[in-house]
Amino acid sequence: MAIMILDHFGKSVKTVDFLSGRAQGVKAFQVQRTGAFKVKGHDLGNGHLEVSFRRGDVAKELDWDRVMILDHLELMDRWREECEEERRQRALKVAANRAKKRVRQLCKAMGADTLLTLTYKANETDLQRCKADLKAFNRKMLGEFPEFCFIAAFEHQERGALHIHMATRRIPREIKRVSAEGHPYTVNSYNVIRALWRSVTKERRGNIDVQRTKRNSTRSPARIATYIAGYIIKEFAEGEKWTNRWTKYGKCDVPPPVDLGTVDTALEGLKAAMACLNSKHALVDLVFSKWGDWGYVSAESPSKAARGRRVSAC
């Protein structure tokens, strides 16, 4: 439950405006998440589907006079001063979850099938330098792989050293070359990638770790998305403030969701989500909030789906 103070234009009232008398027609509303559940579907392409359901907010006008509103605003000012860290942590959690959802859907829309982890032998702790390295590495990669695209998350190790976890797609196992004598031959693509990264890191001695989807592997695009998103949550909790915890390059846009209507209960929301699945989809994730006010179902085509299902509460 929250109390919302609005002026007659529907804008939030600042205490200073209220005290100075500039805010006219001020009203107070009690906002509760007790409305109907809105159901939305996301066809992310590449056989991936997500259906979410979230309870809507209902605002009820309160019969508060000017003095009661003023008392509430002063109380909120004191709370902001006394609970600054609590407010910061709450805002950080909201931002982390928003970023996690964005990255998860981008990985699926891109059809990620390969994980690259870029590391340093040296104890590289400068995030800005790490980002510059990634930018230089990307330029070199585009020279070898013109359609290269990625979604990357930065992670600080316990010793402070940075790693870059990167989701990408369609990296061939071999690259064709032609010798000076005109004879064709092939080289291992990951040896080339490792050489490119080391040409960027130089004396800091970079290395790469490669994990790609194999037959019967559990590392589907949905699992890769979960893996990358997990590092983003970690960096929001432990990383540097006011910095980007992730980045992307290349064409991998998320299409807008489709409005599937409203239902009255979370159970009906779950049923509506499951009804969107058919024989072409296998359930991957079923997530509920601990308050029961939102959830989502994640599915993908059986050829891409990981073995087993994951059910969790947030």
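Student: Is Lys108 buried or exposed?
Tutor: Lys108 is buried, with a relative accessible area of 2%. Buried means under 20% relative accessible area, exposed over 50%, and partly exposed in between, with a 1.4 Å probe and protein chains only. This is a predicted model, in which local features need pLDDT of at least 70 and side-chain atom pairs count only at pLDDT 80 or more, while totals for chains, interfaces and linings use all residues. Residues are numbered from 1 along each chain as its sequence is written, and side-chain values use heavy atoms, with hydrogens and water left out.

Student: Which helix is Lys108 found in?
Tutor: Lys108 belongs to helix α3. Helices (H or I, at least four residues) and strands (E, at least two) are DSSP runs, numbered from the N terminus.

Student: And what does Lys108 touch?
Tutor: Leaving aside residues up to four places away in sequence, Lys108 touches Leu44, Gly45, Asn46, His48, Glu50, Ala222, Ala225 and Ser298. Contact means heavy atoms within 4.5 Å. Gly47 is 61 residues from Lys108 in sequence, and their C-alpha atoms are 8.7 Å apart.

Student: How do α2 and α3 pack?
Tutor: Helix α2 (residues 66-82) and helix α3 (residues 84-110) meet at an angle of about 80°, and their axes are 5 Å apart. Axes are lines fitted to C-alpha atoms, for helices over the stretch in contact, and angles run from 0 to 180 degrees between N-to-C directions. The two helices, α2 and α3, are therefore roughly perpendicular to each other, a label for angles of 65 to 115 degrees.

Student: Which residues make that contact?
Tutor: Trp79, Arg80, Glu81 and Glu82 of α2 meet Glu84, Glu86, Arg87 and Arg90 of α3. These residues divide into one nonpolar, no polar and seven charged. Here Asp, Glu, Lys and Arg count as charged, and Trp is among those that count as nonpolar.

Student: Changing topic: which residues touch the most other members of the largest nonpolar core?
Tutor: Of its 26 residues, those are Leu118, Leu134, Phe137, Ile164, Met166, Ile193 and Trp197. At least two residues of this core come from each of β6 (114-120), α4 (127-144), β7 (150-156), β8 (162-168) and α5 (189-201). Such a core is a set of buried Ala, Val, Leu, Ile, Met, Phe, Trp, Tyr and Cys residues joined through side-chain atoms within 4.5 Å.

Student: What about the chain overall?
Tutor: The protein chain has seven helices and 16 strands, and buried residues make up 42% of its 314 residues.

Technical notes. Angles under 35 degrees count as roughly parallel, over 145 as roughly antiparallel, 65 to 115 as roughly perpendicular and the rest as oblique.
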